[in-house]
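Morning, everyone. I have one structure to walk through today.

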Amino acid sequence: MPADPLHRAGKPSRSTTSQPPSGSGASAIEVRRSARRRRTVSAYREGDRTVVLIPARMSKAEEQRWVTVMLDKLAAQESKRVIGDAELAERAERLSLQYFDGRARPTSVRWVTNQNTRWGSCTPAEGSIRLSHRLQGMPEYVVDYVLLHELAHLLVPGHGPRFWRLLEAYPRTERARGYLEGVVAADRLPHQPAPRGE
C-alpha cells in the first residue's frame, strides 16, 4: 500500500517504534502521535516498517488496539493485491540480496497457472522460477518463503541439509510452511453442501 503524502505532512508530537505483534508482516511498527489529529487513525508501509498515525490524546491501551486493527487492515488490503511478473522478479532480486548476498540470480520469475500440485518450481539449468497462481492473495511472507525456496534451488539443487541451512536465514520459514500445510489440509477436508434455501 503506497504511503499517503497527506499523512506525512506536519511533525508528529511523539513517535515510538516497537516490534510488531506476532502475525504481522512488518519487522517494526512506528506509532506517530499528532495533536492535529482528532479521531482518525491511518497506517501505511514504509519499506520494512509499518507507520501508524494516531491522535496524541489516545491512551496506550487505545494505541495498542488501533495498531492491531490497522495491521490487520493493511494485511487484508495487501492480500487482495495481485502483483505482476515484473514486480515478482524485483521481489526475488531483493530477497536474494537480503538473504543470499545476491548469489541467487534467476533469469526469469513468473506466475503460472499450470501448477496445481506444487507451489513453485525452479529449473536451475535455465535459471527460471515459476510460482503457482494459487499463491496470489496469500500473505506476503508466504509468497516470499516460496520465492526464497526456489531461489535456494539455484544455489543448491536438492533438499539436503545445505539447502535447509540456506532457508534458516528467513525468520518466517516455519510459519510460512505451516500456513501452506494448513491450506493443503483444508483442501483435503470433505466439503459440506451449503444448506438449501427454503
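Let's start with a helix contact. On one side, α4 brings Y141, V142, Y145 and V146. On the other, α6 brings T173, R175, A176, R177, Y179 and L180. By class, this contact has seven nonpolar residues, one polar and two charged. Keep in mind that this is a predicted model.

Now the geometry. How far apart are the axes of α4 and α6? They are 9 Å apart, and the helices pack at an angle of about 100°. Angles from 65 to 115 degrees count as roughly perpendicular, so α4 is roughly perpendicular to α6.

Next, the second largest pocket. Its volume is about 340 Å³. The lining has 17 residues. Nearest the centre are W119, Y145, H149, E150 and L180.

At least two residues each come from α4 (140-155), α6 (173-188) and β6 (120-123). By class, the lining divides into seven nonpolar, six polar and four charged residues.

Last, the whole chain. It has six helices and seven strands. From the N terminus, the order is α-β-β-β-β-α-α-β-β-β-α-α-α. The chain has 198 residues, and 38% of them are buried. Take the contacts between residues at least 6 apart in sequence: 44% of these join residues at least 24 apart.

That's my tour. Over to you.

Terms used: Residues numbered from 1 in each chain as written. Predicted model: local features only at pLDDT ≥ 70, side-chain atom pairs only at ≥ 80, totals over all residues. Heavy atoms only, no water. 1 Å grid on protein atoms, 1.4 Å probe; cavity = no way out; pocket = protein on both sides within 12 Å on 5 of 7 lines; lining within 4 Å. Points joined across faces, edges and corners; volume = space filled by probe spheres on them. Helix = DSSP H or I, 4+ residues; strand = E, 2+ residues; numbered from the N terminus. Nonpolar A, V, L, I, M, F, W, Y, C, P; charged D, E, K, R; others polar. Axes fitted to C-alpha atoms, helices over the stretch in contact; angles between N-to-C directions. Parallel < 35°, antiparallel > 145°, perpendicular 65-115°, else oblique. Contact = heavy atoms within 4.5 Å. Buried < 20%, exposed > 50% of the residue type's maximum accessible area, 1.4 Å probe, protein only.
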